[in-house]
Every structure is written in C-alpha cells, then in structure tokens.
Amino acid sequence: MLFFTISTNSQETLPYYQIPDMEENYSAQNIVARMVDGLGFRFYWSTEGLRAEDLAYQPKGDGRNCQQTVNHLYDLTKMMLRLTKIDFKQEKEKDKMTFVEMRKQTLLNIQALSNHIQMSENLSEFTLKIAGEITVPFFNVINGPMSDAIWHAGQIASFRRSSGNPINSKVNHFTGTVRE
C-alpha cells in the first residue's frame, strides 16, 4: 500500500523533473540559483519512485537510513530559506508529513530558494547578524547547508542503488534533462 501511495502521488507535477531554462547571464545570483536548481534536479531524481524498502535501507553502521536522510535534506532546505530570509509557508508540520508530502515540500523549498536568489539585487543582502554580534556571510550558506544537501542527495541515490532500485538511466545530470 505504501508503494502504491508513493507511486500515485509522484504523478503530481513537481518542480525539477528537468532543470529550468535560464538566460545565459553569469551573474553571481544566477550562478548560485543554478547550483540550487542542480540540487533540485538531483533530489527529484534520487527520490523519484522510491519504494518502502528503499526508504528503510540503511548501510551497515550507525548512519541514517534513506528516510532519515530525506528528512535531513528537508531540514537543510528550511535552514537555507531561513538563512536567506525567505518566509516560505510549509504545508504541514514535518512530523505530520508522509514521504510524498516531504518530498514535494522539499522541492518547493528548493524552487523558492532559487527564485528568491535570482531576484535578489546582491548576494550580500543575505548576510546575517546573529544576536546582533556575529556576522554570517552568504558564503556559509554555500559551503554549509547547500553543499551538505547536494551531498545527501547523492547519498540517497547511492542508497537506492544499493537497495536494488537505481535512478532512471535516462536522467542526464550534465544537461539537467531526461531523454525520452
């Protein structure tokens, strides 16, 4: 039944089936937004068609299982929204979300982040002051939660391969497209 739910709900149109077209303008905002879009594309395909056994898969040791990694990636997208001062509504509380709902919300969070970054005047507007004293530059978002999220999308892809359900072979990560 869980597999049926995952398969049925994944038919909804979600962002990042393919990386969206972008004007060839290499501003700092567009470059960072494209990195975020790359994350969205990788997350979309690493989580597309996951089965219950894929979500339960855990490599030997004390690490997270696949579902826990998806949860962590969701948390990272919320952190990136918060760090870039984006107030983006979450449809449900995290502990009430199914896998399908969390996947959708994560993709929407990534899309909101990309859109907001593209529309910004300057990335320095995302510099934060914590407790009025500590300055956190936008670079920390890139080398912190953004890079971590890309890493974890790769882990999910590896987990699903190990549980016998590899990513669609028509996905082209270089172009951000899917061969028909």
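**Before you click**

This is a predicted model, in which local features need pLDDT of at least 70 and side-chain atom pairs count only at pLDDT 80 or more, while totals for chains, interfaces and linings use all residues. Residues are numbered from 1 along each chain as its sequence is written, and side-chain values use heavy atoms, with hydrogens and water left out.

**Stop 1: everything**

Show the protein as a cartoon and you'll find six helices and four strands. Both kinds of element are DSSP runs numbered from the N terminus: helices are H or I with at least four residues, strands are E with at least two. Walking from the N terminus, the order is α-α-α-α-α-β-β-α-β-β. The radius of gyration is 17 Å, close to the 16 Å that the globule rule gives for 180 residues, so the protein is as compact as a globular protein of that length. (The radius is taken over C-alpha atoms, and the rule is 2.2 Å times the number of residues to the power 0.38.) Along its principal axes, the C-alpha trace spans about 50 × 40 × 30 Å.

Of the 180 residues, 44% count as buried; buried means under 20% relative accessible area, exposed over 50%, and partly exposed in between, with a 1.4 Å probe and protein chains only.

**Stop 2: α4 and α6**

Select residues 66–83 for α4 and 139–162 for α6: they pack at an angle of about 160 degrees, with their axes 9 Å apart. Axes here are lines fitted to C-alpha atoms, for helices over the stretch in contact, and angles run from 0 to 180 degrees between N-to-C directions. The two helices are therefore roughly antiparallel, a label for angles over 145 degrees, with under 35 being roughly parallel, 65 to 115 roughly perpendicular and the rest oblique.

Now show side chains. On the α4 side, the meeting residues include Leu-73, Leu-76 and Met-80, and on the α6 side they include Ala-149, Ile-156 and Phe-159; contact means heavy atoms within 4.5 Å. The residues of this contact divide into 14 nonpolar, four polar and one charged. Ala, Val, Leu, Ile, Met, Phe, Trp, Tyr, Cys and Pro count as nonpolar, Asp, Glu, Lys and Arg as charged, and the others, Gly among them, as polar.

**Stop 3: α2 and α5**

Which way do α2 and α5 run relative to each other? Their axes come within 8 Å and cross at roughly 165 degrees, and the two are therefore roughly antiparallel. Highlight Val-36, Phe-43 and Tyr-44, among the α2 residues that meet α5, whose own partners include Leu-107 and Ile-110.

**Stop 4: α4 and α5**

Keep α5 and bring back α4: the pair packs at an angle of about 30 degrees, axes 9 Å apart. That makes α4 roughly parallel to α5. Among the residues in this contact are Val-70, Tyr-74 and Thr-77 of α4, and Met-102 and Asn-109 of α5.

**Stop 5: two loop residues**

Jump to Tyr-16, in the loop between α1 (2–9) and α2 (28–47). Its phi is near 85 degrees, a positive value in a residue other than glycine. Is Tyr-16 buried or exposed? At 5% relative accessibility, Tyr-16 counts as buried.

Finish at Lys-85, in the loop between α4 and α5 (99–119). Lys-85 also isn't a glycine, and has a positive phi of about 60 degrees. At 46% relative accessibility, Lys-85 counts as partly exposed.
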